[in-house]
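Subject: Handing over the structure

Hello,

Here is the structure I promised to pass on to you. Please open it first, and then read on for what turned up in it.

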Amino acid sequence: MSDVTVRLVLAAAVMAVSLVMASSASPSSSSPSAPSHDYGDALRKSLLYFEAQRSGRLPYNQRVRWRGHSGLTDGLEQGVDLVGGYYDAGDHVKFGLPMAFTVTMLSWSIIEYGDQVAAAGELVHALQSIKWGTDYFMKAHTAPNELWTQVGDGDSDHYCWQRPEDMTTSRRAYKVDAEHPGSEVAAETAAAMAAASVVFRNAGDAHYAHLLLHHAQQLFEFADKYRGRYHESVRVVKSFYPSSSGYKDELLWAALWLHRATGSRRYLDYAVDNAEDFGGTGWGVSEFSWDIKYSGLQVLASKLLLEEKDLSSEQRLVLEQYRSKAEFYVCSNMNKNPGGAARNAPRTPAGLLFIRAWNNLQYVTNAAFLITVHSDLLSSLGEPLRCLPDDDADTSDTGGEAAAEVVVPAAEVLAFAKFQADYILGTNPAETSYLVGYGEKYPRQVHHRAASTASVKQEKGFIGCAQGFDDWYSAGGDNPHDLVGAVVGGPDGKDRFRDERGMYIHTEACTYNTAPMVGVLSRFMEIQRQQGEQDL
């Protein structure tokens, strides 16, 4: 199917989607009539957030003016230039794994919905957000089998409440190499650079795309040849970003992105040949995150059934198995899998997906993105979502009869993604937008050192570790700066939210919370625009 045909199919689906959104009851409605959201405004604010998270020497066109240069000696102690990159959350450590995942998801958002981002006038900002990360990754990849994966120490950093411009904590850098492997972080960085190469090639920057691809291929070979757990080599990361799923999901994920970037069959063969042994066609999971990539790679592999030509019968069979697991994930999040709670993701009373108490909205934004992408695939294929019963389920309570398959129209799948996105934007019992700066009510006490402290441009005096806690962290009241575009951790399992700086499991924001929202907001902005044109 050509790109033009796909666009026509998706456009034709808009009316069906709008009818489902208008007529279907939400999982649990928080108000009789849900308000309409300005997805374009939310998109613009989302991209602004990444500028607040920048480390290094800020450019002349920096829009978040309350930030200043920081981390200008990163890597100096180890004799390598590691200036740049992103702080992952409200502290000042540069963790390689979540930073790479952030760039992968930003890139995937632009690959899927770049035209919509461009229509909003935000493509340049999106490209800058990606490039800020990939420029850093190229610096950090100092040899074919060497990648610097962390700058700073989480423990000492958390004892300080300082602006990044005042940092006095350790800036020691850590790396993985052939003797100390870290396949998760190396493969995720390969995925990020491969995905970004597609973005920049599409944007017309062939030279930069080629450079990114060169690094991505080397990093993938490194990750695959020298296999080992990231947190076993860089032990200081274990308390913050340990890998629970191992590295096999990242290897499959990176291979699929390299196939997307190069068109080379060897990467597709890798994903097909290792699908079973690496769990790609075996693991059916209900979450997608910086740690667990299975559902993401399963959705990505499913798209090859539409996009890839001349598939062999074996390749098609394996890709269909990937798709089956991708649809388990979508069905689980939608509470459509036959078999009850054991096979479906939990939710709050108002219908928000609730995977974990700490920073739950990261799972929601990722789910909204994957479900949006998969619903578009279903629409392009002209097929519904099929939620299958468990073949091994106990049928004694049903008289020996297996549970029936549940069939869900593609438009309903997309409507569910919209419900989750709208909840984040304020359609929820607390009537709070969890995307900072959007709407009338949003978190004002985000757990974030820079945003909660006076700007170095206004208060030039040095602020020490303890002084920051005394004068700013414990001060009470709103932050002096809104961390615009940040998606915070969100409400608890009963839809309750306390906007307090100390409630970090709910009020801290992370780059990988917002990155997938760029794609989600772009897609619904397009639908909103098309619906407006139909109403004229």
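Which residues of helix H10 (residues 265-273) are buried? They are Tyr-267, Leu-268, Tyr-270, Ala-271 and Val-272. Buried here means under 20% relative accessible area, exposed means over 50%, and partly exposed lies in between, with a 1.4 Å probe and protein chains only. Those buried residues of H10 pack against helix H7 (206-225), helix H9 (248-262), helix H11 (294-307) and helix H12 (313-333). A contact is counted when heavy atoms lie within 4.5 Å. Helices (H or I, at least four residues) and strands (E, at least two) are DSSP runs, numbered from the N terminus.

Before going further, a word on the source: this is a predicted model, in which local features need pLDDT of at least 70 and side-chain atom pairs count only at pLDDT 80 or more, while totals for chains, interfaces and linings use all residues. Residues are numbered from 1 along each chain as its sequence is written, and side-chain values use heavy atoms, with hydrogens and water left out.

The chain as a whole

The protein chain has 17 helices and 5 strands. For 536 residues, a compact globule would have a radius of gyration near 24 Å, and the 22 Å of the protein chain agrees with that. This radius is taken over C-alpha atoms, and the globule rule is 2.2 Å times the number of residues to the power 0.38. The C-alpha trace spans about 70 × 55 × 50 Å along its principal axes. Of the 536 residues, 61% are buried. If you look at contacts between residues at least 6 apart in sequence, 76% of them join residues at least 24 apart.

The sheet

You will find an open sheet of 3 strands, in the order E1-E2-E3 and with antiparallel pairing. Strand E1 (94-95) and strand E3 (173-177) are at the edges with a single partner strand each, so one side of each has no neighbour in the sheet. Two strands pair if DSSP finds at least two bridges between them. E1 and E2 are joined by 2 bridges, and Lys-94 has Val-151 in E2 as its bridge partner. Strand E2 (residues 146-151) pairs with E3 over 5 bridges, and Gln-150 stands opposite Tyr-174 in E3. Because 6 of the 6 residues of E2 are buried, this strand is largely enclosed by the rest of the structure.

Two residues to look at

Ser-129 sits in helix H4 (residues 123-140). Is Ser-129 buried or exposed? Ser-129 is buried, since its relative accessible area is 2%. Leaving aside residues up to four places away in sequence, Ser-129 touches Leu-47, Phe-50, Tyr-86 and Leu-106.

Gly-532 belongs to helix H17 (residues 511-535). With a relative accessible area of 32%, Gly-532 is partly exposed. Gly-532 and Asn-61 are 471 residues apart along the chain, and their C-alpha atoms are separated by 34 Å.

Enjoy looking around!

Best wishes
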